[in-house]
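Hi everyone, thanks for making the time today.

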Amino acid sequence: MSVRFGLLALLADGPRFGAQLRSEFERRTGGTWPLNIGQVYTTLGRLQRDGLVAQVDTTEERREKEYVITAAGRDEVDSWWTSAALADPDPRDELTIKLALAVETSGIEVRDVVQRHRAEGVQRLQELTKIKRAGARDVAAELILERRIFDAEAQIRWLDHVEDRYLRSPSRFGTGTADTARQR
């Protein structure tokens, strides 16, 4: 989710000052996405430039700027609410790249790399599960925590798959390929 749509969604509920948007965004996301106030105002500036929000005239004693969503902004956020936003994991994450390189690097035991990362993943999963069992969170924070749990479980399953592929591979993921390439 972009900050842009988060701020539009909050403004769809009513006018807010930048600091209110920041604190409400962080509250509703369970504190998992802290915002810099500068990022809030930069995003508001872009939204205003694009005609999606407008600044409300405030009194002189009130130096802070208040923002409202425009009709175009409401259309934009309505479209966002009704569109699918499936997660597309980044194939460039460090673990994926590490394993992609390890399978053809001589002297690197892929299984050891997998087992170290699986152990770390299991530990993370245990920590997240412990937090979940402690309870006393609002629904938004609970949903975010559960997403992190599912992500940890998925990574562990993927590492199990990588190890299984490695053990079943007659070439052990191209063992010798890197050595052969170096000899050329």
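Let me start with one term: a residue counts as buried when its relative accessible area is under 20%. Please also keep in mind that this is a predicted model.

With that term in hand, let's go to helix 6. Which of its residues are buried? In helix 6 they are Val110, Val113, Val114, Arg118, Gly121, Leu125 and Leu128. An α-helix has 3.6 residues a turn, so residues three or four places apart point the same way.

What covers these buried residues of helix 6? The cover includes helix 5, residues 94-102, and helix 7, residues 139-168.

Now for the length of helix 6. It runs over residues 110-134, and at 1.5 Å a residue its 25 residues should span 36 Å. The C-alpha atoms at its ends are 36 Å apart, so expectation and model agree. Just after helix 6 comes glycine 135, which takes a positive phi of about 65°.

How do helix 6 and helix 7 sit against each other? Their axes are 9 Å apart, and the two helices pack at an angle of about 160°. Angles over 145 degrees count as roughly antiparallel, and helix 6 and helix 7 are therefore roughly antiparallel to each other. Helix 6 passes helix 7 in a left-handed crossing.

Let's move to the other end of the numbering. The largest nonpolar core has 18 residues, and Leu7, Leu8, Leu11, Leu21, Leu44 and Leu47 are the ones touching the most other members. At least two residues of this core come from each of helix 1 (3-12), helix 2 (18-28), helix 3 (37-49) and strand 3 (66-69). Helix 1 gives the largest share, 7 residues. Apart from this core lies another, of 10 residues, including Val110, Val114, Val162 and Tyr166.

I'd like to finish with leucine 11, which lies in helix 1. Is leucine 11 buried or exposed? Leucine 11 is buried, because its relative accessible area is 2%. Leaving aside neighbours within four places in sequence, leucine 11 is in contact with Arg16, Leu21, Leu44, Val53, Tyr67, Val68 and Ile69. Leucine 11 and arginine 74 are 63 residues apart in sequence, yet 8.8 Å apart in space from C-alpha to C-alpha. As for leucine 21, its contacts beyond four places in sequence include Leu7, Leu10, Leu11, Arg16, Val40 and Leu44.

Key:
Residues are numbered from 1 along each chain as its sequence is written. This is a predicted model: local features need pLDDT of at least 70, side-chain atom pairs count only at pLDDT 80 or more; totals for chains, interfaces and linings use all residues. Side-chain values use heavy atoms; hydrogens and water are left out. A nonpolar core is a set of buried Ala, Val, Leu, Ile, Met, Phe, Trp, Tyr and Cys residues joined through side-chain atoms within 4.5 Å. Buried means under 20% relative accessible area, exposed over 50%, partly exposed in between (1.4 Å probe, protein chains only). Helices (H or I, at least four residues) and strands (E, at least two) are DSSP runs, numbered from the N terminus. Contact means heavy atoms within 4.5 Å. The expected span of a helix is 1.5 Å times one less than its number of residues. Axes are lines fitted to C-alpha atoms, for helices over the stretch in contact, and angles run from 0 to 180 degrees between N-to-C directions. Angles under 35 degrees count as roughly parallel, over 145 as roughly antiparallel, 65 to 115 as roughly perpendicular and the rest as oblique. A crossing is left-handed if the near helix is turned anticlockwise from the far one by less than a right angle, and right-handed if clockwise.
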